[in-house]
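This briefing covers domains, chain contacts, strand pairing and helix packing. Please view the sequence and the structure before reading the points.

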Amino acid sequence: MKQPPEPDHLPYKIVIGLEVHVQLATRTKLFCRCNTQFGAPPNTQTCPVCIGLPGALPVMNDEAFRLSLQTALALNCQIPPSTKWDRKQYYYPDLPKGYQISQYDLPLSHDGFLEIHDSQQRFESKRVRIRRAHLEEDAGKSIHDERSGTADSRIDLNRTGTPLLEIVSEPDMSSALEARTFLDELKLVLVYQGVSDCNMQEGSLRVDANINLHIRDRETWIPTPIVEVKNMNSFRAVERALEFEADRQFDVWQETGQRLGDAPKQTRGWDDQAEVTRPQRGKEESSDYRYFPDPDLVPVNVSPQQLDQIRRQLGPIPAVLREQLQTQWGLGAYDADVLVNQGPRLVQYFTQLAEACGDAKEASNWVQQDVMRRLKEQQTEIDAFPVSAATLAELIRMKQAGQLDRSRAREVFQHMCDHLQSPQQAMTALGIQQVDTAELSALCRSLLDKNPAIVADVKAGKQQAIGSLVGQAKKQNPNVNPAQVKEICLQLIAEMS
Amino acid sequence: MSLTRQDVEKVALLARLRLAPSEVDTMTRQLSQIVDYVQLLSELNTDDVQPLAHAIEVTNVFAADQPLDSLSREEALSNAPHTDDEYYLVPPVLGS
Ligand SMILES: [Zn+2]
């Protein structure tokens, strides 16, 4: 990864703001009761409301509104007591009404923030301000076959009217990495709240970025014209597009010296193959959207009681959870980060495991090293994981009791996953028997009798000499626990003197 | 007159209407009359009046998030000038 240079040595600062559109996880659309299920055959999920037939009336989806408030609260936003919807007018074939129902001057939330940090400390932790989050309807999909050149575009209106939350940040990010981190953290918040599936491939989460430079000019900074970058299909693409764009803008500055205001805001699209941004034709200037209040929809008032209720039902906040894993479970910052980034259900698995086995550090190791590796190999989610937290805790307790060492416990774990067995069943299947203490003592005693030289070494203070006895014990009986052998031998030697 | 020919030409462009020069003249005159008429409202003193978001005093109208039947594709596409029986067909959309 490209290491950002020290800001003090750069002749400019990068200024980035993000606009994120998130499809909310409702069953039906924002203003009609058509299904929102992704992947249905084209134009089978539409009705007079969402294809804009005359006389149809929109009615607000209560769940979409609730999910919006929930997200806004999770993003520390202010919720005004009253909000309304407006028409944003423009002509485009995937917008059948000729206007989008959106929110203009009275959005349902404003002035929140999201903290970002980097566990590798490539930038200082900061609070990115959220300017607003508002609820609007999605447009349909245009499909244009590039190969056929002038052939007609095809329009699928299934997506038209799907609820979208538009989240707008302030321009508080000063590198592509910060922007990427903001997106990762925002996605995590949304996933923890369960308000969206955030699937970028299916278009549930879309990102536009505004970026310009502030050029150092002795004691002041000169802002350059703002560019909006679109068409980024992954967070990685956002990062790369912004890195490219900052370099490009500096070149343009050196060539033209254009400042903010000298040129209109430009829209550019990211070409993922060529790894460049290219100018796009803007639809219309924003002043031409001619917003006005939608007469079909009445305002919505939000009571403090309603907000309290949503606040009580709020899902865990990733930043809070990281803190809890450190303070309540004694994990390090790095471990807490890894677990929380895996999502709420893996964290739940961890806490159940830690509670059941009574050792959070051990539980964290098992989850990160064994459970997560297994999930990755099998490309599954923790919900589908064959070994429950309670069953894994049983295995960990057997290891803690000295019945198994780490490597044997791992073998047992593999077998439990592969064959859906309990630790006992897996051990039997693997031929691992528990060696009882009497048997183990007898074995140790015979080894000491056969190795007087080692006994003498240990007596002389060379404890590591015992290692050779452990090796011999394992050869005689692969089921013995090395730690136990060592302990018993040392004890027997101590008793001799 | 409150509107200029340029205003009308801009609005026509935004509405994707192609007006002949004589039509622009007519529209400028007629739209101006409408705007002037609405302008009457500004004679009222509204200094002490709170702005309203809506003309009727109803708020919080919601529907439950329960799917109902959509139109069949045949019905949905039946008003479109061009379709391929799956999609609406429109002149090529470029630059997206
Ligand atoms: Zn519909």
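The points below are grouped by topic.

The model is predicted. Chain A is divided into domain 1 (7-305), domain 2 (316-429) and domain 3 (437-496). Chain B touches chain A through 33 residues of chain B and 41 residues of chain A.

**Domains of chain A**

- Between domain 2 of chain A and domain 3 of chain A, the C-alpha centres are 33 Å apart.
- Four residues from domain 2 of chain A and four residues from domain 3 of chain A make up their contact.
- On the side of domain 2 of chain A that touches domain 3 of chain A, one residue is nonpolar, two are polar and one is charged.

**Contact between chain A and chain B**

- The contact involves 33 residues of chain B and 41 residues of chain A.
- On the side of chain B that touches chain A, at least two residues each come from strand S1 (62-63), helix H3 (73-77) and strand S2 (88-90) of chain B.
- By class, this side of chain B has 20 nonpolar, eight polar and five charged residues.
- Strand pairing also links the chains: strand S2 (residues 60-61) of chain A runs parallel to S1(B), with two bridges between them.
- Within this pair, Asn61(A) has Ala63(B) of S1(B) as its bridge partner.

- An open sheet of three strands has the order S8(A)-S9(A)-S2(B), with antiparallel pairing.
- Its edge strands are strand S8 (141-143) of chain A and S2 of chain B, each of which pairs on one side only.
- With direction ignored, neighbouring strands of this sheet are turned by 30° against each other on average.
- Three bridges connect S8(A) with strand S9 (residues 153-156) of chain A in the antiparallel sense.
- In S9(A), Ile155(A) is the residue opposite Ser142(A).

**Open sheet within chain A**

- A further open sheet of three strands has the order S5-S4-S16 in chain A, and its pairing is antiparallel.
- Strand S5 (99-102) and strand S16 (292-293) of chain A each have a single partner strand, so one side of each is left without a neighbour in the sheet.
- Strand S4 (residues 86-89) of chain A and S5(A) are antiparallel and share four bridges.
- Gln89(A) has Tyr99(A) of S5(A) as its bridge partner.

**Other antiparallel pairs in chain A**

- Strand S6 (residues 109-116) of chain A and strand S7 (residues 126-137) of chain A are antiparallel and joined by seven bridges.
- Glu115(A) is paired with Arg127(A) of S7(A).
- S7(A) also runs antiparallel to strand S10 (residues 163-169) of chain A, again with seven bridges.
- The bridge partner of Ile130(A) in S10(A) is Ser169(A).
- S10(A) is in turn joined to S1(A) by five bridges, and these two strands run antiparallel.
- Val22(A) faces Leu165(A) of S10(A) across the pairing.
- Strand S1 (residues 12-23) of chain A pairs with strand S11 (residues 205-217) of chain A as well, in the antiparallel sense over eleven bridges.
- Here Gly17(A) has Asn210(A) of S11(A) as its bridge partner.

**Helix packing in chain A**

- Helix H6 (residues 333-341) of chain A packs with helix H8 (residues 360-378) of chain A at an angle of about 55°, and the axes are 11 Å apart.
- Because of this angle, H6(A) is oblique to H8(A).
- The crossing of H6(A) past H8(A) is left-handed.
- H6(A) contributes Asp335(A), Val338(A) and Leu339(A) to the contact, and H8(A) contributes Ser364(A), Val367(A) and Gln368(A).
- By class, three residues of the contact of H6(A) with H8(A) are nonpolar, two are polar and one is charged.

Notes
Residues numbered from 1 in each chain as written. Chains lettered and ligands numbered in written order. Predicted model: local features only at pLDDT ≥ 70, side-chain atom pairs only at ≥ 80, totals over all residues. Axes fitted to C-alpha atoms, helices over the stretch in contact; angles between N-to-C directions. Parallel < 35°, antiparallel > 145°, perpendicular 65-115°, else oblique. Left-handed = near helix turned anticlockwise from the far one by under 90°. Contact = placed C-beta atoms within 7 Å. Nonpolar A, V, L, I, M, F, W, Y, C, P; charged D, E, K, R; others polar. Pairing = 2+ DSSP bridges. Domains from an automatic or database assignment.
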